[in-house]
Amino acid sequence: MVSALALGAVAVASGAAQAETKTKTLYIGMNGGNFERAYTEHVLPPFEKANNVKVVIVPGTSADILAKATAAKDNPQMHVMLLDDGVMVRAIGGGLCQPISDDAVLKEIQPAARMKDDMAIGVDMGMTGLAYNKKLFDEKGWAAPTSWMDMADPKFANAVVFQSASASSFGLHAFLMFNRIQGGDENNVEPGFEKFSDTIGKNVIEFIPSSAKISEMVQTGEAAIFPLTPTAVNNLKDKGIPVEYAQPKEGSVVLAVTQCVIANNSEPELSQKLAHYLLSADAQSLALDNGNIIPSNVNAKAGNEDANAKLTAFRGYMETANVLDWDAVNKNRQAWNSRWNRTIER
């Protein structure tokens, strides 16, 4: 009986110890596809192992993740979220984020990646420019594009694929650069709306809500030229899709994927620790090598020659990249979306 009681006490103590060390779970919202794969397979495992935590990705577009976070604002279900920079401005304005706490790693981040008061910080520094079907261009003997206005060239009739400006950051970026070329800015989009349909618009074979269909349309020869990022182009090339990136002479548009710690979440300290890790040179080097995700940490290094070449090219593109006035964009976005859907994609 004494032995049985002793064994029972040991079992209780063991159970209590296991309860104390029970693996916690963090939920992080981010784009699916390449981002989800790179983070799940390569970036997050070292953090999970070091902190005895499971990190579960909630995949979706930036708009999807923002909608989920907004719906659960009073009882957050996620701990950290990664959103395109323009969408993140809306999240911050909606009170969904808390500042990323001070840490030595913040000194390693490009200044352009840090939003005001560190409410959000970029983990992927990209830009939207032009991409083209290399196989088709070679067959036709066409020179690589050099301007956003190349999409209005008559030779691309029914061969331009354009992401919806009301649903896609790529489409919005391309439209706003067209608007700037026509003499407008983010506070005045009349030139863009007045001239788009008779220039680029008349060459568009299809307006698409996201870029998922581009690989198929390149392979069938339907898509000749389209807005896209260097990261997306490299991902397609890795799959054998014949595409190349071209930096427009007017400049690309900065497209940063930013992270914020969700306000009032259930694991504030661990969430901050995850945010700091994702900003680290180690994490961003893994993201670069395994997902073509361009680092915001200046100390991140490419692990192979191919990744280093991509990083060098990106830094060159960044020299002429444009930053949008996101306050003006978000103030008018809903009206623009309605007008775009009514007059451009009708």
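Trainee: At what angle do H2 and H10 pack, and how far apart are their axes?

Mentor: Keep in mind that this is a predicted model. H2 and H10 pack at about 130 degrees, and their axes are 11 Å apart. That angle makes H2 oblique to H10.

Trainee: Is the crossing of H2 and H10 left-handed or right-handed?

Mentor: The crossing of H2 and H10 is right-handed.

Trainee: Which residues meet there?

Mentor: From H2 there are Tyr39, Val43, Leu44, Pro46, Phe47 and Asn51. H10 meets them with Leu270, Lys273, Leu274, Tyr277 and Leu278. By class, that contact has nine nonpolar residues, one polar and one charged.

Trainee: OK, next pair. How do the axes of H2 and H11 cross?

Mentor: Helix H2 covers residues 34-51 and helix H11 covers residues 281-291. Their axes come within 9 Å and cross at roughly 140 degrees, which makes H2 oblique to H11. The crossing of H2 and H11 is right-handed.

Trainee: And what makes the contact between H2 and H11?

Mentor: H2 contributes Asn34, Arg37, Ala38, His42, Val43 and Pro46. On the H11 side the residues are Ala283, Leu286, Ala287, Asn290 and Gly291. The classes there are six nonpolar, four polar and one charged. Val43 and Pro46 of H2 take part here, and they are also among the H2 residues that meet H10.

Trainee: That leaves H10 against H11. What are the angle and the axis separation?

Mentor: Helix H10, residues 268-279, packs against H11 at about 60 degrees, with the axes 5 Å apart. That makes H10 oblique to H11.

Trainee: Which residues of H10 and H11 meet?

Mentor: Tyr277, Leu278 and Leu279 in H10 meet Ala281, Ala283, Gln284 and Leu286 in H11. Six of the residues in that contact are nonpolar, one is polar and none is charged.

Trainee: Switching to voids. How many cavities of 30 Å³ or more does the structure hold?

Mentor: One. The largest cavity has about 40 Å³ of space.

Trainee: What lines the largest cavity?

Mentor: The lining is Ala165, Ser166, Leu172, Phe175, Phe193, Trp336, Asn337 and Trp340. Helix H6 (169-181) and helix H13 (326-343) are the elements that give two or more residues to it. H13 gives the most, with three. In class terms, the lining of the largest cavity has six nonpolar residues, two polar and no charged.

Trainee: And pockets? How much space lies in the second largest pocket?

Mentor: About 260 Å³. The second largest pocket is lined by 15 residues, and the closest to its centre are Asp85, Ala112, Met115, Val254 and Val323.

Trainee: Which elements supply at least two residues of that lining?

Mentor: Helix H4 (85-93), strand E5 (121-133) and strand E10 (253-262). E10 gives the most to the lining of the second largest pocket, with three residues.

Trainee: How does the lining of that pocket divide into nonpolar, polar and charged?

Mentor: Eleven nonpolar, two polar and two charged. For the largest cavity, by contrast, the lining has no charged residues.

Notes:
Residues are numbered from 1 along each chain as its sequence is written. This is a predicted model: local features need pLDDT of at least 70, side-chain atom pairs count only at pLDDT 80 or more; totals for chains, interfaces and linings use all residues. Side-chain values use heavy atoms; hydrogens and water are left out. On a 1 Å grid over the protein atoms alone, a cavity is a set of points where a 1.4 Å probe fits but cannot get out, and a pocket is an open set with protein on both sides within 12 Å along at least five of seven lines; lining residues have an atom within 4 Å of a point. Grid points are joined across faces, edges and corners, and a volume is the space filled by probe spheres set on the points. Helices (H or I, at least four residues) and strands (E, at least two) are DSSP runs, numbered from the N terminus. Ala, Val, Leu, Ile, Met, Phe, Trp, Tyr, Cys and Pro count as nonpolar, Asp, Glu, Lys and Arg as charged, and the others, Gly among them, as polar. Axes are lines fitted to C-alpha atoms, for helices over the stretch in contact, and angles run from 0 to 180 degrees between N-to-C directions. Angles under 35 degrees count as roughly parallel, over 145 as roughly antiparallel, 65 to 115 as roughly perpendicular and the rest as oblique. A crossing is left-handed if the near helix is turned anticlockwise from the far one by less than a right angle, and right-handed if clockwise. Contact means heavy atoms within 4.5 Å.
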